[in-house]
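This briefing gathers computed features of the structure shown below, grouped by topic for a reader who will want to check each of them against the coordinates.

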Amino acid sequence: MPANSSLPNLAAPAPADGGTSRRSFLRTSAAVASGLAAMAASLAPLRELSDFGSVEEFLQKHYKELTPVEMEQALARIRREVEKQYGLRPHVRDLRPMDGVEFVYCLNLTRCIGCRKCVHACVAENNQSRSPEIQYIRVLKMPNGTFDMEKGDHHYATPTVPEKGFFYMPVQCHQCKSPPCVKVCPVDATWQESDGITVIDYDWCIGCRYCEAACPYFARRFNFAEPKIPKEQINADMAYLGNRPRHKGVMEKCHFCIQRTRAGKYPACLEVCPTGARKFGNILDPASEVSQILRNKRVFVLKEEVGTLPRFYYYFDV
Amino acid sequence: MNDNQKTSAVMAALTALFAGTAVAFWTNAGSSGGLAHQSFTTSRVFTNTATVRLSVAELTKSGGDVSGLDCYACHSKDKPVAPKFDAAGRLIPSVAHRDVVFSRMNCAACHAPEEKVELKFDTEGKILTPAAHTNDVAQHGRTIGNDHCFNCHDPTNLTELHTPGGKKLKLTESTLLCASCHGPSYRDWQEGVHGRHNGFWNTKLGATDRKDCTSCHDPHAPVLPRLKPLPPPFRTVLKGH
Amino acid sequence: MTRSLKNFLSFLARCGQLACDGDWRYYAWTGGLFALCLVGLNAYAKQFVHGLITTDMTDQVSWGVYIANFTFLVGVAAAAVMLVIPVYVYKNEELHDLVIFGELLAIAAILMCLAFVMVDLGRPDRFWHMIPGVGKFNFPGSLLSWDVIVLNGYLVLNLYVCAYLLWCRYEKQPPRKWLYLPVILVGIVWAVSIHTVTAFLYVGLGGRPFWNSAIIGPRFLASAFTAGPALIILALQVVRRVTARAADELPAQSDPAAQSTHPPAAEDLALLGKFLPEFHSVSDAARQHLLASGTVFEVPAAHVFLRQGARGEGAYFVLQGRVAVNREDSGRLRTVRTLGPGEQFGEISALAGTPRTATAVAESPSRVLRVPVETLRQLMQAPALARVIRARMHDRLMISDRALLTLRHIVQVSMIINVFLLLNEVFKEFYTGNLHVAASQYLYFGLHGHHALVPWIWSAIACNLTALTLLLLPISTSLKWLDVACVLAIVGIWIEKGMGLVIPGFVPSPLGEIVEYSPTLNETLICFGIWAFGLLVYTVLLRVAVPILQGRFTRTT
């Protein structure tokens, strides 16, 4: 038989020398055993995994497929988890959209002074992670005369605002009528409700971040780590699709303070704005302030050419 | 070295390699590859929805103490008040009025409780206007200079206001006085488009709280005070390097 | 049916045994790769515990090196089809036996793609949400759902084709055309679709002007068809080297006088008919002619029947014993095939009148029947026999230099198109000066003081242009320079399609913010682990496939 050093001769008889095959058995077993030990040891970091979700959460169906009983079970589970993690009993409910309501947001660029109170009120209201920091609203400081966002400054920290020669433009989720994020989600974890709010089922999202790539407004945020919120700053008034605490690996974003607005209140960002630059309401009600604005003021939307049809309108006083 | 010996050598090397990596994994389990968590808390001032000042209307509505607003506590009815003007014709604000005006500022609207704001008082216990808040009292109008006190205040009755047309208004009706010049803003305000409109958008479920003009605009210095901006977003730093 | 299933399962079991068997080089290579896999697994365990914060991804740059590798590897997987098209559409015989190497590479590449996607997910435990019927599948709206379907389908397709063809060779049965040819032809379309769908993942995002361009799809295909065949060229040379030995290791030829010949007797034809049943279907006239013109050789081991490069006009059928067909390429000798009773050699050069493509030498004392070419033609008038002989013509592991040069030609043309499309892109981005150029500006020149990617992209362009130059020059017909060009092309395309495509799409952010990205150590280790896993899979697949293709690993050996 010609010697072919790379391939064993399968037709060759077993070695007559018992010592060789015993040696080969031992050396193979040693390598295999140590290989398996190394494989087990490589998973050692999993020892630190303390916050793995419950089986209930793993098997939970999509929000739109939950029966009322299953929804109650899910809410009870969330109450238990929040109580365990933060030591307070939250008021979690599943608020449904109201009929005859389509929410619209208007922002007065003449009045915004860039104080960022909206950013932080939102963080407090919606139980956003403080570390790593998540903020749904981003305020851009733009020089007068341009809308080129590359010229915007996100990190201004002047002693006072507003600064002369600039205007301030807060950006958050526009709850677009033709949302690219909804189009691209592979598992339907984000969709638009009848009142116009684009919502996320945090227990369904797989964290692929395709929606984050698709959003033209930098509206969506991902939990790269388990959120850290100081216990005393938790807002206990929660909604399933809104501000209940999220976990690592899922997306979140502005949802027009769904726990407030579906109860008839204004969102937190509007409440705290010192100049009244933010306006919110039901566009289907012709007497609402947002209807008035769209009728009487010069409004525009960002990146209109992308075709998202935002429900967030910027306007000037005159 | 023949093939068999080479194989033995390789197997031995692999065994050592696997054993070594097993030990490394087990002992290195704690390291998380470099996490950077930035710690950040939200101060309560960020969520304060109060207006920067307390208007007379607000004060009256909420049943607050309006005794300090009694003009005839200091002025006598038969002696008219004479405002002073400088060489350029600008009003020289009276020190006493500066304190009155300032005492209705709502510190908590902008300052956090934990911030140590030091108020200074004069010998009579009145607040001294801090340097940071020395608005030019009576700077109503940048071009026309609507500085004359009696453009708005009624000289014959200091507890009342009057419009340019002569209509008399109570202090709690000051909004109508603003409207007599600022028509477009007033119309917007009526519709809720201008100013602060808080509470419930759905009036069937609750009341909407509409603040009047003087809750935000000090009629003596209507330009809104500049605020200190709250912290910017954490600038994403390189992690794990 | 159940017997076939049993046979197939025993085939798989034996493949498993074969995969665990090898020489010291095999153990060192696979052992080292396994260790690297474990390092990656350990890094992933950390990421699983702490979340994706162990990477350098941010809300601004939300995809990174995982998706970059995924994009590159989908292209490699699609490029397997670049062997299939010349063989099945243009009937190129040189590449025929190499199709399987491309498809095995596709399997390994797809597995790597799936691994990269899984490590990128925030909640990989929720992957079941993507299963249609069980979860909620946004098809046809979401391009990601399309990608899930086409990638898994492509994996199944290639697994089926490879398993079927290898199993047929193992069973020494000619594969039934209708069981694999339609699948292969579907595979051609499917391969183009997997990469087009992946391109559309990016193109379909209107808010990202760097990606929202029609040229991304064609560029993906052009760069895939450059890098994929380049990888195959390199892989095939590794296979050649590993299955070869130096030309002077060939044992000394036996004494020519030790052979004996005689005309065929009825007993010889009976032996042939026993191992080649289709022989019974030849006409009596042809049988008579064979008895008259054929010669039977009885030879000891190491007897050489025919030599590579020589002229000869006989075809041979093995009656007893084993014959090895060896080929010398670039100074290295490889066993192309080993033949047992009933199998043929020398028939291709006999029928075509071309020089012998290999050397046939007896591995053990053998009895072989030599058939002159006119007799062979007469025998092949029997359709059943002709079919078997033609099918078996391709049962060999011929990684000839000509095959590699055909692949070179594919890489050359694809690279020309790739560079041309790059020039198109560059013009479109920079000529008008509109604001959408910001991302390209960042990539090529830096933007507002941020220039992390600039050295990378220019290195990639340098690699690609050098590779293109080498490929256009005749110097790359020499394997050494071809290898250099291939390595340069692979590196260049990995950079420009991976980091050079994914990251600039996020810079600047939709609100004009610039946040840069540079993979963390943990991310890099996970990538290494997955690459090691892919190489390990490919190694094991080749470890099983090569002996089957050589005829050394069959049901009877």
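The structure is a predicted model.

**Helix 14 of chain C**

- After helix 14 of chain C comes C:Gly433, a residue with a positive phi, near 75 degrees.

**Domains of chain C**

- Chain C is divided into domain 1, made of residues 2–243 + 400–550, and domain 2, made of residues 248–393.
- Between the C-alpha centres of domain 1 and domain 2 of chain C the distance is 42 Å.
- Where the two domains of chain C meet, eight residues of domain 1 are in contact with ten residues of domain 2, and the residues on the domain 1 side comprise two nonpolar, three polar and three charged.

- C:Arg337 lies in strand 7 (residues 332–339) of chain C, and it counts as buried because 23 other C-beta atoms lie within 10 Å, where the cut-off is 20 or more.
- Although C:Arg337 and C:Leu306 are 31 residues apart along the chain, their C-alpha atoms are separated by 14 Å.
- C:Gln308 belongs to the loop between strand 4 (304–306) and strand 5 (314–320) of chain C, and with 18 other C-beta atoms within 10 Å it is partly exposed.
- Leaving aside residues up to four places away in sequence, C:Gln308 touches C:Arg327, C:Glu328, C:Arg356, C:Thr357, C:Ala358 and C:Thr359.
- From C:Gln308 to C:Leu18, which is 290 residues away along the chain, the C-alpha separation is 31 Å.

**Contacts between chains**

- The contact between chain A and chain C takes 63 residues from chain A and 60 residues from chain C.
- On the chain A side of this contact, the elements that give two or more residues are helix 1 (18–42), strand 3 (138–143), helix 5 (180–184), helix 6 (210–214) and strand 7 (220–222) of chain A, and helix 1 of chain A gives the most, with five residues.
- By residue class, the side of chain A that touches chain C divides into 40 nonpolar, eleven polar and twelve charged residues.
- Chain C also meets chain B, with 22 residues of chain C in contact with 18 residues of chain B.
- On the chain C side of that contact, helix 2 (24–50) and helix 19 (521–550) of chain C are the elements that give two or more residues, and helix 2 of chain C gives the most, with eleven residues.
- The residues of chain C that touch chain B divide into ten nonpolar, nine polar and three charged.

**Chain B**

- Chain B has six helices and eight strands, which follow the pattern α-α-β-β-α-β-β-β-β-α-α-β-β-α along the sequence.
- Of the 241 residues of chain B, 23% count as buried.
- Among contacts in chain B between residues at least 6 apart in sequence, the share joining residues at least 24 apart is 62%.

**A sheet in chain A**

- In chain A, four strands form an open sheet in the order 10-2-12-11, with mixed pairing, and its edge strands, each pairing on one side only, are strand 10 (278–282) and strand 11 (299–300) of chain A.
- Strand 11 of chain A runs antiparallel to strand 12 (residues 312–315) of chain A and is joined to it by two bridges, and A:Val299 stands opposite A:Tyr315 in strand 12 of chain A.
- Helix 9 (residues 289–296) of chain A packs on this sheet, touching strand 2 (103–108), strand 10, strand 11 and strand 12 of chain A, and its direction makes about 110 degrees with that of strand 10 of chain A.

Conventions:
Residues are numbered from 1 along each chain as its sequence is written. Chains are lettered from A and ligands numbered from 1 in the order in which they are written. This is a predicted model: local features need pLDDT of at least 70, side-chain atom pairs count only at pLDDT 80 or more; totals for chains, interfaces and linings use all residues. Two residues are in contact if their C-beta atoms, placed from the backbone, lie within 7 Å. Ala, Val, Leu, Ile, Met, Phe, Trp, Tyr, Cys and Pro count as nonpolar, Asp, Glu, Lys and Arg as charged, and the others, Gly among them, as polar. Domain bounds come from an automatic or database domain assignment. A residue is buried if 20 or more other C-beta atoms lie within 10 Å of its own, exposed if 12 or fewer, and partly exposed in between; C-beta atoms are placed from the backbone. Two strands pair if DSSP finds at least two bridges between them. Axes are lines fitted to C-alpha atoms, for helices over the stretch in contact, and angles run from 0 to 180 degrees between N-to-C directions.
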